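Please look over the sequence and the model shown below before reading on. The paragraphs that follow lead through a few of its parts in turn.

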Amino acid sequence: DTQQVADMDLWWSLTLLLPLLYLTTAQNPHRRFEYKYSFKGPYLAQKDNQVPFWQYSGNAIASEESVRITPSLRSQKGQIWTKNPTNFEWWEVDFVFRVTGRGRIGADGLALWFADKPGVEGPVFGSSDKWNGLGVFFDSFDNDNKRNNPYVMAMVNDGTKVYDHEHDGLSQQLGGCLRDFRNKPFPVRAKVEYYKNILTLLIHSGMTNNDKDYEICMRAENVFLPATGYFGVSAATGGLADDHDVLKFIVSSMRSPEEMAMLQTNQEDEEKFRQEFQEYQEKTKKARDEYIAQNPDAVQKDKEEEYESWEQRELRQIFHGQSQIHEIIRQLHSKMDEIIGRQERTLGLVSAVHSGLGGQVVPTGQVPPAPVAALPGDTIRRHEVDSILNNQRDIVQTARDIKNFVNEIHQKSSQLLTNSQKPQGSVQPVGYDLHVTLNEMKEGLNIVKRDLGTANQRLSSAPGGVGCPSVSCVSTGLFIAFTVIQLVLLIGYIMYRDNKEAQAKKFY
């Protein structure tokens with residue numbers, strides 16, 4: 001009895017599982033490789049650097065193993081698009097790429113496209129905005145400063161939306177995930193599947209060499225894309241730069257079992273497609289062999305001169321970028337030489353002022369003050385140079401004021417001598433004029449001292465710190481000479497006036 005019960009349970013289990021297995025198998029779509037919408041190495045590019053059934057533009061470079069959409073130079077844009085539109089509704093793309101760069105942060109990113117028409121060079125990862133179709137973005141630069149990059153996202157546009165660069169399109173996405181796809185040991189893979197209006201995005205991390213190591217990134221239903229369109233890949237760099245290389249772009253059409261039954265696809269059609277592909281390969285190989293046979297000596301010349309290989313083109317772009325960098329550095333050197341020349345002239349003027357006004361004798365036993373050290377060339381700024389020049393103008397103006405004041409004293413002395421020669425009608429006390437003259441000299445010296453203090457304060461408060469805080473702006477010898485001259489003039493004037501007064505007393 002127990003055995004019969006077990007057999008009955010097994011029979012019922014098989015009865016229930018077989019229809020489920022049949023339904024699951026029946027729902028699996030039929031995949032077919034579409035070579036006219038795919039490329040992969042080796043021999044990816046032909047001898048004319050063209051990719052069969054594809055066209056690329058901008059800064060894209062095609063080689064035998066990969067297509068470099070943009071090199072690691074600033075402000076580069078490149079793209080590659082299929083020449084023919086699709087003739088199937090549902091599809092799957094196996095996308096293998098590398099994003100490498102020396103910096104910790106890369107820019108701007110890579111994009112996979114399916115649109116109703118090929119894009120042109122534009123602001124959205126190197127392609128045009130307001131597209132009609134699907135865009136899968138591998139964004140490596142954080143524009144909104146939310147620390148959520150590198151980021152992978154999918155966005156559908158109907159031709160009217162403008163991509164939101166400031167917020168990295170987060171409000172426009174169907175879905176996405178945080179995945180670091182830069183500088184991985186193995187190529188990164190992305191699988192995009194669009195089947196019965198369901199969009200699925202799978203990401204391979206690039207940390208292993210296992211082709212099946214995929215993780216789901218996003219899945220969205222009720223996604224409506226154009227029935228036919230063009231596949232494309234674009235990339236862009238900005239202030240930062242990465243190498244964006246596409247190694248494989250494999251497209252497979254997907255058809256349901258019902259569609260396969262309606263199309264009545266048989267072995268003859270499959271053989272026809274395989275034969276067409278084989279004939280195309282043989283035709284290309286035959287044309288190449290005929291050219292080599294007819295021009296054995298010109299083959300090497302063609303490779304070296306007439307046709308630019310991908311290595312030469314890449315090196316040319318690298319040399320062009322280095323030339324630009326060299327030109328910018330040369331301009332910076334010329335500007336620095338000009339700034340240093342102005343600084344040296346300014347420091348020369350300041351040193352001349354110090355040597356002309358600050359040469360005092362150092363007493364015995366004291367350490368002479370340290371000379372004013374020239375400011376290093378990388379610390380002086382334009383506003384500091386302007387401040388030094390303004391301070392020098394103040395010094396010159398103060399010196400002119402001192403000269404005018406000395407001239408004014410000389411004129412007053414001459415006037416006093418002239419007035420003293422005139423006959424006086426009355427006798428005044430001898431010390432009165434002397435007292436008035438000494439007061440005027442004292443006031444004049446106070447004015448000179450105040451002007452010198454103001455100039456010294458302006459020099460000390462300059463941004464560059466250039467001044468003479470520890471050095472007198474008037475030398476001791478000049479001050480003593482100026483005082484002696486005044487005393488000699490004063491004594492001579494007093495003696496002359498006393499002599500006149502004595503003669504006047506004898507007359508009266």
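Which residues form a disulfide, and how far apart are their sulfur atoms? Cys177 and Cys217 form it, with sulfur atoms 2.0 Å apart, where a disulfide is a pair of cysteine sulfur atoms within 2.5 Å. The pair joins distant parts of the chain, Cys177 lying in strand S12 (residues 175-178) and Cys217 in strand S15 (residues 214-221), 40 residues apart. The torsion about the S-S bond of Cys177 and Cys217 is about -110°, so the disulfide is left-handed. A search of the whole structure finds 1 disulfide. Both Cys177 and Cys217 are buried, which is to say under 20% relative accessible area, while exposed is over 50% and partly exposed lies in between (1.4 Å probe, protein chains only).

This is a predicted model, in which local features need pLDDT of at least 70 and side-chain atom pairs count only at pLDDT 80 or more, while totals for chains, interfaces and linings use all residues. Residues are numbered from 1 along each chain as its sequence is written, and side-chain values use heavy atoms, with hydrogens and water left out.

Strand S7 (residues 90-100) is mostly covered, with 8 of its 11 residues buried; strands here are DSSP runs (E, at least two residues), as helices are (H or I, at least four), numbered from the N terminus. S7 pairs in the antiparallel sense with strand S17 (residues 243-255) over 11 bridges, pairing being called when DSSP finds at least two bridges between two strands. Arg98 stands opposite Asp245 in S17. S7 also pairs in the antiparallel sense with strand S13 (residues 188-195), over 7 bridges, and there Lys191 is the bridge partner of Asp94.

In helix H8 one finds Val488, which is exposed, with a relative accessible area of 52%.
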